[in-house]
Structure formats: structure tokens, C-alpha cells
Amino acid sequence: MSNPTRIPSIYASILFQSRVNPFATAVNYDSKEVTYRQFCIDIEKVTRRLHRMELPPGSRVVVHIHHIYLRWLANIALVRMGMLSSALSDSGKELEFLNPRLVLTDRPGNITGRTAVEAGSHWLSDEANDWPAFEDFEHDINAPCRMVVSSGTTGLPKKAVLTYGDLRNRVRGTARTYGLNATARLMTTMGTATVGGFSMPVSCWSSGGACLLATLPPGQPISHVLAARPNVLFMAPGQLAALLETLPRDYWPWQHLVVYVAGSTLPPAVSRAARARLTQSLFIIYGSTETGTVTLTHAAMADERPGFIGYVIPGAQVQIVDDQGQRVANGKMGEIRIQSDGLVAGYADEPGVTDEAFREGWFYPGDAGVMDNEGGLRIVGRTRELMNLGGVKIAPELIEQSLASVPGIADMAVFALSAPAGDQPWVAVIPEDGFVDSALVQQFAKAFPRLPLISVARIDKIPRNEMGKVMRTQLAATVQNAIARTGTETVQLAKPSA
């Protein structure tokens, strides 16, 4: 009789697929194809090598391996062994915050102040065949398994920890929600440092599909990833926009491609362009590191419904509550709270932050929203970013939506600056040909006649986190510093047009 408190690692599902269909493609990278049989052989070699280090169970180990195939072998081996694994973004800035016992890297010279083990092609040498086989075991369902840095839009990082039970639930739910099966050719442009960039490939392998590990040769545009012919593509809005900008003019949309976009609001112009040039099967999802996927909708359904981010998926529950935690009626704005399969229990090393975000079994992501009578969810904005403008509380996203039709705007973000007379609305704009400040100000005055007039800051780049969400606090500080430096409220941080 099985023990419900102990479960196998994700490797068990991959091993099962290698037995059912050993010669099916598991991995495609750099024009190389790896079968499920070879994939499991390579995982075993790396596991044997790491097991010889005799790390105590639960040890924090960070993977910072640039070779994408070795990176995945290491990640799966660590989960199999019972380690608490995590990954660094390309910048590697999270290293000190994660505080690992060990770093696995193929560039040890870049790691200082930490014990580093060098990864490389020698990991796959035949010498591992002479070492004892690793004996798989079942893991405590509540044991920590994967640590992911979650920063949201505040810029303050938090360490979200998934247990073995959380990861199992995420893998099952992801396969169901995204239709991953043996016919899937999945590609995600999000790195393994993100929860989606980790759980999506694992779900695909657990379902017998092929993962196309995204690698961009030097000088190649992001649209190069389409050469591998994925039929499921998972990416952030900014990545989709960049892909469309570099898409060859003669590119022919592939009817089998399904694209899922997560992380932040998808601009209507990008949505329409993607459905015209890339695929009609374009879906928007809402979720978080802490919860996994929460809602999903076809992008066309969001075109004329600003802020609409879909219907709650099976396995998740969403409520809209007031300041006292009481549910509000459908159609009324309030704070969003979420329960889901695979919801993490809290953050590592920060009990105070955990108590604020996780209450009575619910996660509070800090979003304000509205639920309709059909279970559709609309995001109004971040609760901490609601601006009090002349006594009117309003989300910056609503203002951005009203200004989206102003010509000559490549990107923009609305925020507020404190002033003696109260908060004042500002908009940072990356201008293109044809942009005129007065056109934007007039559009704002027409849409919001009761609010103070908006000020315009021309800027080269809107600060966003890795999921594409605007970091408004950082943006406001940048503009405030520019005002203090120049002594004028005319802010020009963008380079003049050629």
C-alpha cells in the first residue's frame, strides 16, 4: 500500500516515458535530437556524479550552467536527489540572495565567495558508468524541492519554495491546462530561473512530448526560435513583441502553432499583429510564481475588454474581497485572493512577508480586480499602485489603456509623483515618429476630466521585471531624480531622434 505522504520525483515520469517510447524525441537543442532513452542515460550519469559529493538532503544548490542541455540534466538530477535547487538569471544577481551551499556552473571564474563545481562535457563521459547506480527513493510530499525568486513589481525579491507535492500538482495541472501530450513540441523563451520556464518543460517530458530548448546563435533575432517548428510556444509579452518585430516579411503563419503569453498585459496592437502574422491560436494567461496558472482566455476575447485576463481554470479558485476580507458582489472592484493546486506555503527566510501575502489558506498577489457573472476576471491594477488623484482612486493601467490610441508611442507606463497639492499623474513615453506631447495630454483630459492634468516624461526604456511587468516605483524614482537634477518638470531622458 502506497504512502500518501511520500511521492516519487519528477524523474519517475520521465523514466516511464523512456520505457514506453524510448526512441521518441525528448530534447531538441542546437539542431541535435536526444531520445528519451538517451535523456535518461545522461540524467543518470549526472546524478551519479553529483551524488558522489555526499550533499545532505535539502541542501541549497544553485544551477548556473549556460550549456542548456547540461543545465537541465543538473536540475533534474538535483530534484531526483532531494536537493533544494534553484537557478540564476543570465545576470546572476540573485546569487547572494539565494545563499546556496553549492553552485554548479560551467563558468566557475564568474562565481566568487561561493563553493563552485565546474560543469562541462566531462559530466557525460563513460567514467560514470563504473560508479554505483543511483537508487531512487520517494520524497516527503512537504519537503522543499524548488526555490524561485519572485520579485513582482516592487523590486523586492522573495524566495518562493515549492515542495515535492507542489511540483507534482503544478506538473499535472500544466499538462492539463496547456494540452501537453506525446505530440507536443514545446518551446519556452522563459529561463529556468522562472517557475514557468521550469515547470513547463518538466510537464512536457512527463507527458511524453519533446522540448525544444531555446538557444539563439550570436546575432540571430528572437524569431530564429521558430526554425525548430514548435507547436506550443510559451513566452512573455515583451518577447512576443520582439519576435514580431524581427519576423521575416515572407513568414507564413503555421496553423499548428499555439502561443501562450504570461507575465503582464498584452497590448491590443501586439495581440492583433500576432494573430495576423503568427497564429490565430493566441492565449493570455494570468498567474504568479506562488500560484501557477490561474486564468486563461483566447486573446481575441480581451481585445475589447481592457484588463480582461480570462476564466479561472480547474484547480484554482479566485475571490474578490474588500479591506475586511469579505467577498464583494460580481462587478465590484476589490482585492484578488487565490487558492490553487500547487500553491506554495510561503517564502523562505522571511516569515513577516509570508504572513502578509498568505492568509488563511489564500494568497494575496496584490492585484485589484473585478469578477463578472460568468467567472471572467478583469485586472484593474496593483493595489499598492492605485493612485489617489484629487480624491479619485485609479489604477495606472486604466489610464494606459485610455492613452493606447495616441500615435507615436512605442511603449509607455503611467505612475504618480507626490506633490504639495497631492499625487500628480505622469506618463513615461518611449516616443516614435509622430508623437506629440499635447496629443497625449488632450486625450487624457478628455478621458479623465476630473483628474489633474498629466505630465509627460520622454524616456529610452521602461523598467520592467523579467515577466514584463512595469516597475513603477523605480520609474517614479528615475523621473523624480531627473526633476531634482534639472530644476524643471520638463523631463527628457530619451535620446533625440536621428
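Strand S4 contributes the most to the lining of the largest cavity, with 3 residues. The model is predicted: local features need pLDDT of at least 70, side-chain atom pairs count only at pLDDT 80 or more, and totals for chains, interfaces and linings use all residues. Residues are numbered from 1 along each chain as its sequence is written, and side-chain values use heavy atoms, with hydrogens and water left out.

**Cavity**
- There is 1 cavity of 30 Å³ or more; on a 1 Å grid over the protein atoms alone, a cavity is a set of points where a 1.4 Å probe fits but cannot get out, and lining residues have an atom within 4 Å of a point.
- The largest cavity holds about 30 Å³ of space, a volume being the space filled by probe spheres set on the grid points, which are joined across faces, edges and corners.
- Its lining consists of Arg60, Val61, Val62, Leu84, Ser86, Leu98, Pro100 and Met147.
- At least two of the lining residues come from each of S4 and strand S5 (84–87); strands are DSSP runs (E, at least two residues) and helices likewise (H or I, at least four), numbered from the N terminus.
- By class this lining has 6 nonpolar, 1 polar and 1 charged residues (Ala, Val, Leu, Ile, Met, Phe, Trp, Tyr, Cys and Pro count as nonpolar, Asp, Glu, Lys and Arg as charged, and the others, Gly among them, as polar).

**Second largest pocket**
- The second largest pocket has a volume of about 890 Å³; a pocket is an open set with protein on both sides within 12 Å along at least five of seven lines.
- Its lining numbers 35 residues, of which Arg71, Asp90, Thr189, Met190 and Gly191 are the closest to the pocket centre.
- Two or more lining residues come from each of strand S4 (60–64), H3, strand S11 (185–188), H6 and strand S12 (210–212).
- The lining of this pocket divides into 19 nonpolar, 12 polar and 4 charged residues.

**Helices H3 and H6**
- The axes of H3 (residues 68–81) and H6 (residues 195–206) come within 12 Å and cross at roughly 80°, so H3 is roughly perpendicular to H6 (65 to 115 degrees).
- Trp72, Asn75, Ile76 and Val79 of H3 are in contact (heavy atoms within 4.5 Å) with Gly197, Phe198, Pro201, Val202 and Trp205 of H6.
- The H3–H6 contact has 7 nonpolar, 2 polar and no charged residues.

**Confidence**
- Mean pLDDT (the predictor's confidence in each residue, from 0 to 100) is 89 for the chain, with 96% of residues at 70 or more.
- Confidence is highest in helix H1 (residues 11–20), at 98, and lowest in strand S29 (residues 491–492), at a mean of 64.

Terms used. Axes fitted to C-alpha atoms, helices over the stretch in contact; angles between N-to-C directions. Parallel < 35°, antiparallel > 145°, perpendicular 65-115°, else oblique.
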